[in-house]
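Thanks for coming, everyone. I have one structure to show today. Please take a look at it before I start.

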Amino acid sequence: MGWSLIRLWTILVYLFMFLPVAVVVLLSFNASQFGSFPMTGLSFRWFIQLANNDAILRAFQTSLILGALTAVISTTLGVLASLALVRYTVPGSNLISTCLIAPILVPEVVLAVALLLFLNFLSINKSFFLLLMGHVIFTLPFVILVVQARLVGIRRDMEEAALSLGASPIQTFFQITLPLLAPAVFAGMLFAFTISFDDITGTLFWKPGGVETVPTQIFAMLRNSISPEINALGSVMIALTVGLPLLGAAIARRMAIKRGG
């Protein structure tokens, strides 16, 4: 009886979490302009209007560029930091590791306000570059955690064997360490892109005037009216933020299996 109640409660919790998401996706195909049930029919008209909306297309372009740059920078810094902390003896490594992971522990709104106040103290105006750096600060800990977990499991003697056979440290990294680390690097990059693409709290504080990402564009549209285009845009966001990690996990697992075989 107890386990049955636990299963029932678990199902109710999942319904509470994901039913609103399912409703948004369903209403994005509603032919009627008014998001209500019963639906009058199925249509792609809102996705077509979405594709013809210049403001939304600019927001998508900004989010894709911002997410890609954030993923590349965070992954590069995360791999270098993980190698330094795991493979080498660094003075104060525990303190450095704590500082690198700290942005996860601090609420994002607190981090966003703190960085904004710091920029105002330095009399630095908001810009796309500073928005990018804010996203890197927030996504870097996720990359470090993923890469470190993989790096700890890679045997050090494989790298030492390559070094003993005459390979340079750089050759050893690119031919031995990086291929073994590739699934974690790829997963960390996808995590960084997805988090950056989805972020709204920090972006609202850090973005300069005239720059909109997809989440901030949705927020701006909601302040005016509830348009059916918002449901279509939400469905696209859901497909990207859910589909990319699942695809990345499948590719990373396949890469790990090939390396193991």
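Searching the whole structure turns up 1 salt bridge. By that I mean a side-chain nitrogen of Lys or Arg within 4 Å of a carboxyl oxygen of Asp or Glu. Before the details, a word on the source: this is a predicted model, where local features need pLDDT of at least 70, side-chain atom pairs count only at pLDDT 80 or more, and totals for chains, interfaces and linings use all residues. Residues are numbered from 1 along each chain as its sequence is written, and side-chain values use heavy atoms, with hydrogens and water left out.

Back to the salt bridge. Which residue does E212 pair with? The partner is K207, and the closest N and O atoms are 3.4 Å apart. In general, side chains of opposite charge can pair when their charged atoms come close.

K207 has 15%, so K207 is buried. E212 has 26% relative accessibility, so E212 counts as partly exposed.

Now charge across the protein. There are 14 positive and 9 negative side chains. Lys and Arg count as positive, Asp and Glu as negative; His and the chain ends are not counted. The centres of the two sets lie 7 Å apart, with each charge placed at NZ of Lys, CZ of Arg, CG of Asp or CD of Glu.

Next, the fold. The protein has 11 helices and 0 strands. Those are DSSP runs, numbered from the N terminus: helices are H or I with at least four residues, strands are E with at least two. Of the 261 residues, 37% count as buried. The C-alpha atoms fill a box of roughly 70 × 60 × 40 Å, taken along the principal axes.

Let's zoom in on T70. T70 is found in helix α3, residues 54-87. Its relative accessible area is 0%, so T70 is buried. What does the T70 side chain reach? The backbone oxygen of L66, at 2.7 Å. The T70 side chain also makes a polar contact with the side chain of S196, at 3.5 Å. A polar contact is a pair of N or O atoms within 3.5 Å; within protein, one must be able to donate a hydrogen and the other to accept it, and residues adjacent in sequence count only if both atoms are side-chain atoms.

Leaving aside neighbours within four places in sequence, T70 is in contact (heavy atoms within 4.5 Å) with L132, H135, V136, T139, A192 and S196.

Definitions and conventions: Buried means under 20% relative accessible area, exposed over 50%, partly exposed in between (1.4 Å probe, protein chains only).
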